[in-house]
Amino acid sequence: MLFINRKCVTMKNKINNCAWCGRPTMMPKMQVAEMPIMEWMERKIDKAGRVRIWGEKSDWSRVKLDPAFEAELLLYDNVLSTITNKTVCANCMVEDERLYQKYYGRDLDDVEVDVEDDGGSDDIFPDIFK
Ligand SMILES: [Zn+2]
C-alpha cells in the first residue's frame, strides 16, 4: 500500500500539463512562446499579403489594415514573441515545428515532419485554437 502511494506521488511529480493544449505530459520545462503558431492565423496573414504585413519588411503605414485584424496581429505577435519557461507536450512541439517550417521555414519543399499517427493527430489542439 505504501509502495503504491509512493509510486503515485512519484508519477505525479513527473507529469505536468501542457501549457498549450492542457494534456498531461512528461516533457521537461523549456523556453517556449506563450502560444503555438496558429494555422488559421497564418492563413489570414497569407491572405492579407504576408510580405506587406508580417515580418521585418512589413510596413503598416503603407497598408490599410482593418482595425480588428490589426489588433489580432498585434496580439498574435505578442504571444509568439513572449518566451517563458513552461512545459509543452511532444505533440504540440511537433505541430509547432511543422507550422513553423510551413510558414517561416526557408526550405519550403520540405515541410513534412514525421509524426507517428496515433489516430488522433487531427485533435492536437482544443477547438479554441482552430
Ligand atoms: Zn500540448
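**A close look at the helices and their surroundings**

Author: Let's begin with helix α4, residues 67-81: at 1.5 Å a residue, its 15 residues should span 21 Å, and its end C-alpha atoms are 21 Å apart, which agrees. The expected span here is 1.5 Å times one less than the number of residues. Helices (H or I, at least four residues) and strands (E, at least two) are DSSP runs, numbered from the N terminus.

Before we go on, two notes on reading the model. Residues are numbered from 1 along each chain as its sequence is written. This is a predicted model, so local features need pLDDT of at least 70 and side-chain atom pairs count only at pLDDT 80 or more, while totals for chains, interfaces and linings use all residues. The term pLDDT is the predictor's confidence in each residue, from 0 to 100. Its mean over the chain is 81, and 71% of the residues reach 70 or more.

A residue is buried if 20 or more other C-beta atoms lie within 10 Å of its own, exposed if 12 or fewer, and partly exposed in between, with C-beta atoms placed from the backbone.

In the loop between α3 (50-53) and α4 you will find Arg 62. Arg 62 has 8 other C-beta atoms within 10 Å, so this residue is exposed. Its C-alpha is separated by 8.4 Å from that of Arg 52, 10 residues away along the chain.

Now look at strand β4, residues 83-87. None of its five residues is buried, so β4 also lies largely in the open. It pairs with β3 (residues 29-33) in the antiparallel sense, over five bridges; two strands pair if DSSP finds at least two bridges between them. One of these bridges joins Gln 31 to Asn 85 in β4.

Next comes helix α5, residues 90-103, whose 14 residues reach 20 Å from first C-alpha to last, close to the 20 Å expected. Asn 91, Cys 92, Glu 95 and Asp 96 are the buried residues of α5. Seen down the helix axis, they fall within an arc of 125°, so they line one face of α5.

Beyond four places in sequence, Cys 18 touches Arg 23, Thr 25, Thr 87, Val 88, Cys 89 and Cys 92. Touching, or contact, means that the C-beta atoms of two residues, placed from the backbone, lie within 7 Å.

To see where these pieces sit, follow the chain along its sequence: the pattern is α-β-β-β-α-α-α-β-α, with five helices and four strands. Among contacts with a separation of 6 or more, 69% join residues 24 or more positions apart.

How values were computed:
Arc of directions from axis to C-beta.
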